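Q: I'd like a close look at one thing here, the aromatic pairs. Please walk me through them slowly, as I'm new to this.

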Amino acid sequence: MTSLPTNGRIMKALFFLRHYNDIDHVTPVVYKWIERGHSCDVVLLGEAHFREDFRVVYLAGLDGVRVAHVNELFNRRQSVRMRLQKLAQDRNLRGSLPAVVTRAIDRLLHRERRLKFWRKLARLILQRSFPAGETGVLTFDWISSNSVFPIELVQTVVATADEMGLKAVSLPHGDSPHANLLVRVEELRLTPHTKFSPASMFARVVVPNELCATRFRPFVDASAVAVLGSPRYCDEWLKKLATLLPENPLEDKPGKLKIVMFLRKRDFSIFWDEVERVIRLLAAFPQVELIVKAHTRGGWKQPLSRSVGLRRLENVHFVAAKVHSPHLLEWADVIIDIATSVAFEAVKRKKPVLAADYLHAGLSTVGKYIPECILHCRDDIYSKVDDFIRNGCDDFYNEEHRRQFLREIVDVPDADVLPRYVNLLESQVAG
């Protein structure tokens with residue numbers, strides 16, 4: 001049920017969403033913004049098929065929400081030019097092309113020409129949402145300099161918004177499942193990661209907890225970082241999300257210990273050979289039914305995606321992004337975590353999380369706060385699974401450890417998370 005705005009004034013917001021994680025973490029904020037009595041536009045910047053995502057469909061059905069894919073905002077020529085400029089700046093594509101080709105592309109679409117076009121698109125987008133000098137606020141996610149999405153476009157939209165008297169806010173598209181800093185394959189120096197430096201373009205950068213705040217503080221004014229808790233894993237949204245989810249496609253397995261393993265992208269420091277051995281170890285338990293979910297972006301690049309032998313195991317099943325994580329958590333008895341924030345929801349549900357920290361070169365956030373979750377070696381996972389089979393999965397957590405985790409990572413500083421997000425966005429709307 002929609003309520004009246006707390007200050008009696010209806011405000012307008014423009015939410016940009018790029019990919020699956022944005023939709024997952026920002027949808028709760030949009031929901032609460034509308035419940036407060038405001039209105040908004042949601043512009044999808046990624047694949048067109050996200051129009052069919054159940055969360056986007058839900059938002060599109062709310063009074064006061066207008067959803068569009070970015071291609072729908074321009075004519076055909078502008079849409080084609082936009083795609084070409086995005087491809088020209090795609091770091092993965094550029095890395096696969098000969099230097100002579102990239103130089104030719106850069107001569108044809110040089111920076112001045114690109115920026116002129118980006119400014120044109122920015123004005124079209126912003127004037128659609130805020131015509132005739134209307135006030136409001138716009139949001140992007142934690143877009144960084146190593147994103148395949150062109151940072152130039154975001155910077156141009158934010159700069160144009162500033163000229164129009166509009167402020168831009170950066171909202172979370174995830175969390176920090178690692179408690180350490182050097183988590184990717186190429187990271188060898190313990191220094192602030194400059195990929196987060198573009199955050200300085202935003203009036204405010206919102207994070208769920210202090211662990212995430214440390215990424216941005218070296219690059220932005222301390223007052224610009226707001227620690228507000230997790231919109232995705234707060235109690236209010238989990239309760240609402242349960243009413244929105246499509247029917248669970250997973251079949252129950254009575255008498256089986258149902259385990260889900262969530263994987264990360266290939267660029268994280270994961271020991272893939274040992275991950276494969278663990279899957280085979282688990283499959284050797286006849287009482288176990290295992291589902292392995294690849295990452296929602298880039299899962300096809302993971303080494304396990306090419307392992308035919310694993311896919312032949314009768315009690316092992318690989319699933320893609322179309323099977324949503326809440327479905328898997330509902331189905332599972334136990335979750336094996338290789339440092340993914342999905343595990344945070346499992347902790348909320350009091351389902352055992354096995355933080356397999358020995359499978360990667362990092363320290364998981366769950367493992368740091370809840371030591372009973374940590375797996376130090378292959379023996380640990382065998383013993384834990386054997387114990388679950390014999391004795392069940394109840395009473396797994398030390399409740400003091402679990403509550404401290406939720407207090408410092410999810411419900412920060414308390415469980416009333418979504419109103420804090422709306423309050424911050426309201427504060428950014430010009431008087």
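A: Let's start with the term: rings of Phe, Tyr and Trp (its six-membered ring) pair if their centres lie within 6.5 Å, and a pair is stacked when the planes are under 30 degrees apart, edge-to-face when they are over 60, and tilted for the rest. This is a predicted model, in which local features need pLDDT of at least 70 and side-chain atom pairs count only at pLDDT 80 or more, while totals for chains, interfaces and linings use all residues. Residues are numbered from 1 along each chain as its sequence is written, and side-chain values use heavy atoms, with hydrogens and water left out.

With that sorted, the structure has 12 aromatic pairs. One of them is Phe16 with Phe140, a stacked pair with 5° between the planes and 4.3 Å from centre to centre. Now look at where those two come from: Phe16 sits in strand β1 (residues 12-17) and Phe140 in strand β4 (residues 137-140), so the pair links distant parts of the chain, 124 residues apart. Strands here are DSSP runs (E, at least two residues) and helices are runs too (H or I, at least four), numbered from the N terminus. Phe16 is buried, at a relative accessible area of 2%, and Phe140 is buried as well, at 3%. Buried means under 20%, exposed means over 50%, and partly exposed is in between (1.4 Å probe, protein chains only).

Phe344 belongs to helix α13 (residues 342-348) and Phe405 to helix α16 (residues 399-410), so the pair ties together parts 61 residues apart in sequence. Phe344 is buried, with a relative accessible area of 0%, and Phe405 is buried with 0% too.

Arg55 has its charged end over the ring of Tyr20, 4.6 Å from the centre. Arg311 does this with Phe318, its charged end sitting over the ring at 4.4 Å from the centre.

Definitions and conventions: Lys NZ or Arg CZ within 6 Å of the ring centre and 35° of its normal.
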